[in-house]
Amino acid sequence: MDIKDMEYVVTIAKLKSFSKAAATLYVSQPALSQAIKRLENKLNIELFYRDKIKVEVTEAGAEFIKEAEEILKSISQLENKMKLLQYKKKKILSIGISWSYGRHFMADILKIFKQKEWDYSIKVIEGESRFLEGQIEQGNVDFGIFPAPIYNSNLISYPLLEEKLLLAIHSDNIKALTIAREQEIIQHGVSLSALSDFPFILMKKGFKLRNIVNHICYNQNFSPIVLVESENLNTCLSLVENNYGITILPDIVLNKSNSKQLEFFPIKDNYNSRFLLLVANSSILKYIDLAQLAEEFSNIYFKNQQVKNNL
């Protein structure tokens with residue numbers, strides 16, 4: 001019995017199908033069936049009940065799978081540690097992050113590194129996401145954190161969290177507030193077209209958030225009155241905090257706002273959210289488990305949010 005045998009059994013049990021497991025494992029179905037039969041003969045037990053309709057795990061098979069999953073997990077952890085030892089020779093880890101997001105996420109990232117006892121010097125590169133994609137592909141940045149979509153097909157990405165887009169209005173903007181409050185009560189969200197007469201503070205054309213806002217406005221058959229365009233989410237927020245107009249920003253940015261003069265509203269549209277991604281070149285997978293890193297980041301972020309909400 002070897003690692004491959006355990007992978008075969010666990011995959012069949014997960015998919016409940018020899019044919020699907022064979023496709024997932026990139027082996028032929030006859031070869032997979034023969035491998036399982038050899039293993040069963042060697043162990044002198046049946047791992048699966050088989051018929052033409054379904055595959056079920058036997059009691060002995062369930063015990064085998066339980067132990068096999070633990071072994072495979074330990075092997076994976078060991079491989080990752082060995083990869084990490086190779087990667088740590090580099091000593092400097094470059095992280096690219098979209099403008100305005102560094103203040104929201106860098107503390108969480110450093111917390112993960114501290115827990116893992118990764119002895120890296122961190123180099124943070126901030127910029128627009130297309131620029132960061134280019135830096136990642138060229139090898140100047142190890143991985144980046146920025147919103148979807150990803151334009152470079154050579155890069156891989158893992159979802160970190162979904163951020164809702166919210167409408168922000170100053171408490172002195174009575175007319176806009178009245179419309180937004182009524183809309184939220186009636187339809188559980190605000191149609192931006194109802195605020196077409198008010199000045200908007202938006203990101204510059206070409207930025208991902210601006211593309212989403214333009215799409216929403218197009219869907220609702222109006223063109224916004226744009227008073228100010230900016231390259232920075234925090235600049236848009238600051239201008240609304242001073243009642244220069246209304247804006248649409250991710251809830252992650254707005255959650256950090258300490259202003260008690262703003263009210264936030266959900267947007268009534270199918271494009272009212274987007275995903276924040278962990279993006280990298282596939283070569284980094286030799287050294288760091290990015291899927292695990294993304295999961296740990298999400299867990300820490302949401303744990304911090306729960307603590308904040310309970311204060």
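Analyst: Here is how the labels come about, starting with the ground rules. This is a predicted model, so local features need pLDDT of at least 70 and side-chain atom pairs pLDDT 80 or more, while totals for chains, interfaces and linings use all residues. Numbering runs from 1 along each chain as its sequence is written, and side-chain values use heavy atoms, without hydrogens and water.

User: Fine. What makes Phe-18 and Phe-48 an edge-to-face pair?

Analyst: Rings of Phe, Tyr and Trp (its six-membered ring) pair if their centres lie within 6.5 Å; planes under 30 degrees apart are stacked, over 60 edge-to-face, and the rest tilted. For Phe-18 and Phe-48 the centres are 5.9 Å apart and the planes stand at 75 degrees, so edge-to-face it is. The pair links distant parts of the chain, with Phe-18 in helix α2 (residues 18-25) and Phe-48 in strand β1 (residues 48-50), 30 residues apart. Helices (H or I, at least four residues) and strands (E, at least two) are DSSP runs, numbered from the N terminus.

User: Why are Phe-18 and Phe-48 called buried?

Analyst: Buried means under 20% relative accessible area, exposed over 50%, and partly exposed in between (1.4 Å probe, protein chains only). Phe-18 comes out at 9%, so Phe-18 is buried. Phe-48 has 1%, so Phe-48 is buried as well.

User: And what makes the pair of Phe-200 and Phe-222 tilted?

Analyst: The angle between the planes is 45 degrees, with 6.5 Å centre to centre. Phe-200 sits in strand β7 (residues 199-203) and Phe-222 in the loop between α8 (208-219) and β8 (225-230), so this pair ties together parts 22 residues apart in sequence. Phe-200 is buried at 0%, and Phe-222 is buried at 13%. By the pairing rule, the count comes to 2 aromatic pairs.

User: How do you know what counts as a patch?

Analyst: A patch takes residues with over 30% relative accessible area and no salt bridge, joining like charges within 9 Å and nonpolar side chains (Val, Leu, Ile, Met, Phe, Trp, Tyr) within 5 Å. A salt bridge here is a side-chain nitrogen of Lys or Arg within 4 Å of a carboxyl oxygen of Asp or Glu. A nonpolar patch is formed by Met-1, Leu-43 and Ile-45, with about 240 Å² of accessible area together. Met-1 is in the segment before α1 (3-15).

User: What is the phi of Asn-44, and why is Asn-44 called exposed?

Analyst: Asn-44 has a positive phi of about 60 degrees although it is not a glycine. Its relative accessibility is 69%, so Asn-44 counts as exposed. Asn-44 lies in the loop between α3 (29-43) and β1.

User: What about His-188?

Analyst: His-188 also has a positive phi, near 60 degrees, in a residue other than glycine. At 67% relative accessible area, His-188 is exposed, and its place is the loop between α7 (174-187) and β7.

User: Last one: what makes Asn-270 exposed?

Analyst: The relative accessible area of Asn-270 is 76%, so Asn-270 is exposed. Asn-270 lies in the loop between β10 (262-266) and β11 (273-281).

Methods: Areas by Shrake-Rupley, 256 points an atom, 1.4 Å probe, with all protein chains shown as cover.
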